[in-house]
Amino acid sequence: MILPKQYHCTHSPSCQCTKGHLNEDVLLLVFQHLNWNPKLVATLSCVCRWFDDFAKRVLWKEFCKTRAPKMMLDLQSSGSHCIDGNWRALGKLLIYCSGCTQGGLFNSSVQIPGHFVYRTRFSRTLGRSLLPPQCRTDVLYVCDPCEHLDQGEEGDVGLFRGIFKSFPTSKVRKVIINKAVPFHPSEVCPYCKAKLWSMLQAKIIPQSACIRLEAYEDCIEYFVCLNGHLLGICTLAPLSDSEDANPSEDGNHMEKKQDSYFPKENILKRRNSLLGGSENGPSPQKRLTNPNQCNIDV
């Protein structure tokens, strides 16, 4: 039976949306058994408005709490039962790399399609390195860069995403408003469709960001939306072979990044630690072939 859209439906007992549907408790047990499979949750949301409301209110919340329990506890530690934006947007952010389009949000010359990721690690430490010194008390969770290698003239591109805790009361938001930074004229957040501010335009991207991301200093950019979702792009510094490295005075091989030198061994260890690789080389984030296998590490 095809049901007409009811834009202000309250889902009362007499509502047509609820006729013939399973009880919420039954659906909750079914999806718990399915380990909150995001693909099935998204499919259920397309059935009708009642299922869509139930998914946004319950299922996506349980999915987020299961995939990133520590992060969810911290995001809700202020006493709120919800998060900025909505649970569906946060669920998508946890498992989906939005990619980039030519001449789109990042004015990139490469086309990187969006895709699900198999494993993602969100870190407060990484998020703190992306905040300016005057805003280091804010809480920001950011994932390790999703590597897209050999992108022509762009080199090795890293895409990262994150979320602020209590963004409406954050210092970053106050700085952006005080600087009167305009919204992006055309692009919106791929996760919640809210308007975006450019952190580069606000001139609050610290030097620690490129160091922590192992990226070139003048090739990093990220945006934050009204709901506190962060998405960014950077050009990853290559790990050169020994023949490309320059010896320092003490004989250790060094790798040049912009005008600074970093020990190659430290770069290799730190980069592999970020990406979950071995000592033999970095291991980029894997694309998700089965959304039910998605793992979130915090």
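**Notes on the predicted chain**

1. Buried residues (under 20% relative accessible area with a 1.4 Å probe, protein chains only) make up 46% of the 298 residues in the protein chain. Keep in mind that this is a predicted model, where local features need pLDDT of at least 70, side-chain atom pairs count only at pLDDT 80 or more, and totals for chains, interfaces and linings use all residues. Residues are numbered from 1 along each chain as its sequence is written, and side-chain values use heavy atoms, with hydrogens and water left out.

2. On secondary structure, the protein chain has nine helices and 14 strands (DSSP runs numbered from the N terminus: H or I of at least four residues for helices, E of at least two for strands).

3. Now the contacts, meaning heavy atoms within 4.5 Å. Of those between residues at least 6 apart in sequence, 58% join residues at least 24 apart.

4. As for surface, the protein chain exposes about 15400 Å², and carbon and sulfur atoms supply 50% of that area. The areas come from Shrake-Rupley with a 1.4 Å probe; for residues, only the protein chains shown count as cover.

5. Have a look at S166: its phi is near 50 degrees, a positive value in a residue other than glycine. S166 sits in the loop between strand 6 (156-164) and helix 7 (171-178).

6. K193 isn't a glycine either, yet its phi is positive, about 65 degrees. Its loop runs between strand 7 (183-188) and strand 8 (195-198). K193 is exposed (over 50%), with a relative accessible area of 59%.
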